[in-house]
Structures are given as C-alpha cells and as structure tokens.
Amino acid sequence: MAYDTNDAINSYVTDMLSLEEHVETALKSQLDDLKDYPEILTELRQFHRTVEHHISDLKGLKEARDAGGVASAIKRAGSVAAGAAAGAIDLFRSEGLPKNLRDDYTAFNLAAVGYLMLDTTARSLGQHEPSELGRQHFRDYADAITRLERLIPAAVVRYLQQEGLPASEAVVPDVLRSAGEAWDTGAEQAAEADRPAPTRQV
C-alpha cells in the first residue's frame, strides 16, 4: 500500500479521536458517583470539559484533512487502533474511587503519549497544524496527570477509612513529597543523559 505524509498523520488523528471518545465516555460515567467527593468532582468535570474540547478540535482537523482524501485503508487502521484503545479504556469499572482514579491516570498517560507521537510525526513531516494540536493537547494532559496525581493519595486514605481500616491522613504529604522527588530525580537524570560529554583536552 502506498503510504504518504497525509496517511501517516491522518492515522494518528483518527486514533486519537477514537481514544478521546472512549475517555470522554468513561469520565462522564464517573461524574454521577462523586457527589460525596466535591473536590474530586470539580477536577473530573474540568478534565471532562478538556476532553470534549479535544474531541471538537480533532473532528475539525479530521474534516479539514478529509477534504484532501483519506485512504480507506487508513480508516481501517484507525478502526483497529480504536479497538485497542477501547480495550485499554474499558479498564474503567466500578471498584471504588481510588481504582477509578488509577484508571483515569492510565488513560491520561495513554493519551499523552499518543499526542507526543502525533506532534513528533507532524513536526518531522513539516505539518504545522497537527503538530500544534498535538503539542497543545499533550500540555493539557501533562497538567491533568499532575493534578490527578495529587488527588489520588488522599482518595486512597479516605476510601480505606470508609472500609473501616485505620488509615492515617498524616501520610499524604509525605507520599506527595516522595512522588515529587521521584519525578525531579528522573528529570535530572534525563537532563544529565542528554548533556554532551565534555571535550577531552589533549
């Protein structure tokens, strides 16, 4: 099959639209179950609105690119990818708030890496519009992942307490600090690995 620049980018756009639609459905199904968690409900509503905006952006880009013709084979490839995405997002299930948030975190990371790949593909092929969309949506998910990460420890403790276990809220700041230190260490190590080796003086 002939494979050109448009095919490469259109396949990512189709994949990300399918993934975002699955994320939207999963988030929407959670909102009705969070009335006792107003702070988490506020955050998830914001995440849901962001995903809705992403879907609108992707549909607009897809329509604009479809005007030039999208090969049916690429559409079939997108359908296959959509099935894989559905398998991942179907991890959402009613097993209590902490596990739902865990699955949100998994889905958000899956979407983030998809947008990283879309941005890379589009930039490397000189396509500005899909690159900019991929970059902006990646930033949205990076922010959402960070915010969600800060909600999860307290949600875990509260759930354990509701289950009758003697879980202490006092550990939450230490957990968050440890997680932050781990990310900082990873970023420092990555920066060190990217730094050019010093030139040897003869």
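Predicted model: local features only at pLDDT ≥ 70, side-chain atom pairs only at ≥ 80, totals over all residues.
Biologist: How many aromatic pairs does the structure hold, and what is the geometry of the pair formed by Phe 47 and Phe 108?
Modeller: The structure holds 3 aromatic pairs. In the pair of Phe 47 and Phe 108, the ring centres are 5.3 Å apart and the planes stand at 85°. Planes over 60 degrees apart fall into one class, and therefore this pair is edge-to-face.

Biologist: How many residues apart in the chain are Phe 47 and Phe 108?
Modeller: Phe 47 belongs to helix 2, which covers residues 38–66. Phe 108 belongs to helix 4, which covers residues 97–124. The pair thus links distant parts of the chain, and the separation between its members is 61 residues.

Biologist: What kind of aromatic pair do Tyr 115 and Tyr 141 form?
Modeller: The centres of the two rings, those of Tyr 115 and Tyr 141, are 6.2 Å apart, and the angle between the planes is 20°. Planes under 30 degrees apart have a class of their own, and the pair of Tyr 115 and Tyr 141 is accordingly stacked.

Biologist: How far apart in sequence are the parts that the pair of Tyr 115 and Tyr 141 ties together?
Modeller: Tyr 115 is located in helix 4, whereas Tyr 141 is located in helix 5, residues 128–162. Because the two partners sit in these two helices, the pair ties together parts whose distance in sequence is 26 residues.

Biologist: Why do Tyr 115 and Tyr 141 count as they do in terms of accessibility?
Modeller: Tyr 115 has a relative accessibility of 0%. For Tyr 141 the value is 3%. Since the limit is under 20%, both tyrosines count as buried.

Biologist: Which residues form one aromatic cluster?
Modeller: Phe 47 and Phe 108 form an edge-to-face pair, and Tyr 115 and Tyr 141 form a stacked one. One cluster takes in Phe 47, Phe 108, Tyr 115 and Tyr 141.

Biologist: At what distance from the ring centre of Tyr 37 does Arg 158 lie?
Modeller: Arg 158 is placed over the face of Tyr 37. The distance from the ring centre is 4.2 Å.

Biologist: How are helix 2 and helix 5 oriented relative to each other?
Modeller: Helix 2 and helix 5 pack with their axes 11 Å apart, at an angle of about 160°. Their crossing is left-handed, and residues that meet include Phe 47 in helix 2 and Tyr 141 in helix 5. Angles over 145 degrees share one class, and therefore helix 2 and helix 5 are roughly antiparallel.

Biologist: How are helix 1 and helix 4 oriented relative to each other?
Modeller: Helix 1, residues 5–31, packs against helix 4 at an angle of about 160°, with the axes 10 Å apart. Because of that angle, helix 1 is placed in the class roughly antiparallel to helix 4.

Biologist: In what hand does helix 1 pass helix 4?
Modeller: The contact includes Tyr 12 and Leu 19 among the residues of helix 1, and Phe 108 and Tyr 115 among those of helix 4. The crossing of helix 1 and helix 4 is left-handed.

Biologist: How are helix 4 and helix 5 oriented relative to each other?
Modeller: The axes of helix 4 and helix 5 come within 8 Å and cross at roughly 165°. Helix 4 passes helix 5 in a left-handed crossing. The angle is over 145 degrees, and therefore helix 4 and helix 5 are roughly antiparallel.

Biologist: How far apart in space are Lys 99 and Ala 155, C-alpha to C-alpha?
Modeller: Lys 99 has its place in helix 4, and it counts as partly exposed because its relative accessibility is 38%. In sequence, Lys 99 and Ala 155 are 56 residues apart. In space, their C-alpha atoms are separated by 9.7 Å.

Biologist: What pattern does the protein follow along the sequence?
Modeller: The protein has 6 helices and 0 strands. Read along the sequence, its pattern is α-α-α-α-α-α.

Methods. Residues numbered from 1 in each chain as written. Heavy atoms only, no water. Phe/Tyr/Trp six-rings, centres within 6.5 Å; stacked < 30°, edge-to-face > 60°. Helix = DSSP H or I, 4+ residues; strand = E, 2+ residues; numbered from the N terminus. Buried < 20%, exposed > 50% of the residue type's maximum accessible area, 1.4 Å probe, protein only. Lys NZ or Arg CZ within 6 Å of the ring centre and 35° of its normal. Axes fitted to C-alpha atoms, helices over the stretch in contact; angles between N-to-C directions. Parallel < 35°, antiparallel > 145°, perpendicular 65-115°, else oblique. Left-handed = near helix turned anticlockwise from the far one by under 90°. Contact = heavy atoms within 4.5 Å.
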